[in-house]
Amino acid sequence: MVLLFKKERLSFFLLPVMNRIEAKFAALKREGRGALIPFLEAYDPDPATSMAILQGMPGAGADLIEIGMPFSDPMADGPTIQAAGRRALLAGASVGHTLEMVREFRAEDDATPVVLMGYLNPILAYDPARFCLDAAASGVDGLIVVDLPTEEAALLAGSAAAHELDIIRLVAPTTDDSRLPQVLLGCSGFVYYVSITGVTGTRTASVGELAAAIPRIRAVTDLPIAVGFGVRTPEQAASAVCAADAAVVASALIDTLASSLDENGRARPDTVRRVLDQVRALADAVSKARVAMSRTPAGVDAS
Amino acid sequence: MNHAPALPNTLRSGPDGQGRFGAYGGRFVAETLMPLVLELDTAYEAAKRDPGFQKELDYYLKDYVGRPSPLWFAERLTRLWGGAKIYFKREELNHTGAHKVNSCMGQILLARRMGRTRIIAETGAGQHGVATATVCALMGMPCVIYMGAVDVERQRPNVFRMKLLGAEVVPVTTGAGTLKDAMNEAMRDWVANVTDTYFLLGTVAGPHPYPAMVRDFQSVIGTEARAQMMAAEGRLPDVVVASVGGGSNAMGIFHPFLDEPSVRLIGVEAAGRGLDSGAQAASIERGRPGVLHGNRTYLLQDDDGQITEAHSISAGLDYPGIGPEHAWLHDIGRAEYVGITDDEALASFQLCSRTEGIIPALECAHALAHIEKIAPSMTAGEIILMNLSGRGDKDIFTVAEHLGAKL
């Protein structure tokens, strides 16, 4: 009771503080550009390398960062992220370790929003309430839980709200207009548009497909929209932020990491640099995209 | 005082509208699949209400599958063990040699009704893959079967059967290369082929409505067995025993008996090299509730919620989860779940072959091994009904290897 009263009093007297995700998208809006959201799998291929990549990402131009929480059975992921998850689990990854990484990252960076993406079962095993408490305390800003559709969201919604974690919902090409409002009910932070029907890292949505899909979502929400699944190249990331507000790049970065490993699957001295160079190239294209678009009113080249 | 009308006192009304059996079941799939799962639910509910659908299914079950399957009094095993009378429900006599075809027949008719033109399925032992390939051949539909690479190796005869039937068999090399991995890969195919593809799931697991739908199609086993038992003995059995991997053959024979409190229901899980050996597939006895493959149920998992590999000599039981209705029946105490090891199953496999002239699937050998434990202490007036859900021809290579025989 006391706690409830306190919370009520706080929200009554204090102005709502913008969380990191809101603040970031507000700043980007002022700058008139879209966001790059690079992805890394926690502990892939080892704790130190993935920590170095995480810490290097903001400097390389990441606006937000998405961290994958490894799971033994990643049903929505293609071969690239499946392999990343296997390497991470072999390296000792766990939910607790992923949260520790964020805590360490937050010691140096209090501004870049961090979103965790994963599957439900490790969160259930950790305990949803304790997970949300620890995630928020570690400096996590939002959660994307792939196999937790709106229909089952109550499992996590209360705890996430209590600790002011955004629940970022996935919208897919199969989500029709009648279902959209229901899917976005309780969604906060941003909307994650899964731009293809398929697993991660396999196909890429065309510019035309994105141009048709994004306004459909805009019609029912004011939240920023990120495009993920199949965004690989700087050009594709640029197209994504022209149609939407952010581009998530995952498999392409992991492919770079994987190709840099030695024959035993261990990081080489240039692994971190190669991944961050690619982030830099993507960030460069994303930051110039809207400017380029305003010069060519017809929009980006569809090739 | 106004009382709300009393709810019928039944355990057979589940799941609820959310696909829940108590705390289990549900629909834990990515948003891409969610509209498809909802569409399937609507289509299945409509088919269930359509007498034409049931009539069509009955026709295929009778003249193509060969139903009803007989109820066999296993007289020599009964005499050998000297206790309860043992009856087999002979699902191994179905076309394709197992119970799996019951649900495949129902689902392929539903897929056709829904206008789907391509079928995918997962398989462990290959029995579900063979049954799926069979009904696809019958309907002239292309068919892709995902099968763990390890299972492809240990179930070669079934792989060849599927290919003969025109199916494409895709070996899955991720994970341990068994049923769990095949299921992951089938779901990945489905998410990439949402417009034309029907996922013909083989067991009473997965997102709602699969657990309820597959159970309904398999309940023909228990419904027939009940009537046959009444005809043969004039009463219900005292115990019903079935092996449990995902749990479709057990759910099929249990369900029509759920509301008969006098009938004990026993599901036999694979204890592999021993329940505490770390190499087993006993999800209820050694697992904890969690979410995998679209449903909440008992799962073999580590402290971090990573799914652990199951082990069983029987590929059909080699799965780290179990259907959600079983999880619920366990929690409310309506059904009991016990474990039988690889070695015990191997011994039963041989005993059944020699004594009844029936080579049982290794899955069913688990159920029989448990009956060997309980039958002798029961009276001659008591009756045990076992679901002999598949024949063992597919297992002869595995068994030969374990017995040191060269084929």
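Here is a chat about how the two chains of this predicted model meet and how each one is built.

Student: What makes E31(B) and R179(A) a salt bridge?

Tutor: Their side chains come to 2.8 Å, N to O. The cut-off is 4 Å between a side-chain nitrogen of Lys or Arg and a carboxyl oxygen of Asp or Glu. The value of 2.8 Å lies within 4 Å, so the pair counts. Between chain A and chain B the count is three salt bridges.

Student: Why is the pair R130(A) and D134(A) called a salt bridge too?

Tutor: Here N to O is 3.8 Å, and that is still within 4 Å, so the name applies. Both residues sit in helix α7 of chain A, residues 128–138. They are four residues apart, about one turn of the helix. Over all chains, the structure holds 47 salt bridges.

Student: How do you know how much area chain A and chain B bury between them?

Tutor: Buried area is the accessible area two parts lose on being put together, summed over both. For chain A and chain B that comes to about 2700 Å², with 53% of it on carbon and sulfur atoms. As for residues, 37 of chain A are in contact with 34 of chain B. The rule also finds 19 residue pairs in polar contact across this interface, both partners at pLDDT 80 or more.

Student: Which elements of chain A supply residues to the side that touches chain B?

Tutor: α4 (79–90), α6 (120–126) and β6 (170–171) of chain A each give at least two. The largest share, five residues, comes from α6(A). By class, that side of chain A has 21 nonpolar, eight polar and eight charged residues.

Student: What makes β5 and β6 of chain A edge strands?

Tutor: Start with the sheet: it is open, has nine strands in the order β5-β4-β3-β2-β1-β9-β8-β7-β6 (chain A), and the pairing is parallel. β5 (166–167) and β6 of chain A each have a single partner strand, so one side of each has no neighbour in the sheet.

Student: How do you know that β1 and β9 of chain A pair?

Tutor: Pairing takes at least two bridges. Four bridges join β1(A), residues 35–41, to β9(A), residues 246–249, so they qualify. The two strands run parallel, and P38(A) has V249(A) as its bridge partner in β9(A). Helix α3 of chain A, residues 47–60, lies across β1 and β2 (65–68) of chain A, at about 175 degrees to β1(A).

Student: And what is the order of the open sheet in chain B?

Tutor: Its six strands run β3-β4-β14-β9-β10-β13, with mixed pairing. The edges are β3 (71–73) and β13 (335–341) of chain B, each pairing on one side only. From one strand to the next, the twist averages 25 degrees.

Student: Why do β3(B) and β4(B) count as a pair?

Tutor: They share three bridges and at least two are needed, so they pass. Their sense is antiparallel, and F73(B) has Y87(B) as its bridge partner in β4(B). Helix α10 of chain B, residues 220–233, lies across β3, β4 and β14 (383–388) of chain B, running at about 140 degrees to β4(B).

Student: How is the packing of α9(B) and α10(B) described?

Tutor: Packed helices are described by the angle between their axes and the distance between the axes. For α9(B), residues 210–218, and α10(B), the angle is about 30 degrees and the axes are 5 Å apart. D216(B), F217(B) and Q218(B) in α9(B) meet V220(B), I221(B) and G222(B) in α10(B). Those residues divide into three nonpolar, two polar and one charged.

Notes: Residues numbered from 1 in each chain as written. Chains lettered and ligands numbered in written order. Predicted model: local features only at pLDDT ≥ 70, side-chain atom pairs only at ≥ 80, totals over all residues. Heavy atoms only, no water. Contact = heavy atoms within 4.5 Å. Buried area = accessible area lost by both parts, 1.4 Å probe. Polar contact = N/O pair within 3.5 Å; in protein donor to acceptor, adjacent residues only side chain to side chain. Nonpolar A, V, L, I, M, F, W, Y, C, P; charged D, E, K, R; others polar. Axes fitted to C-alpha atoms, helices over the stretch in contact; angles between N-to-C directions.
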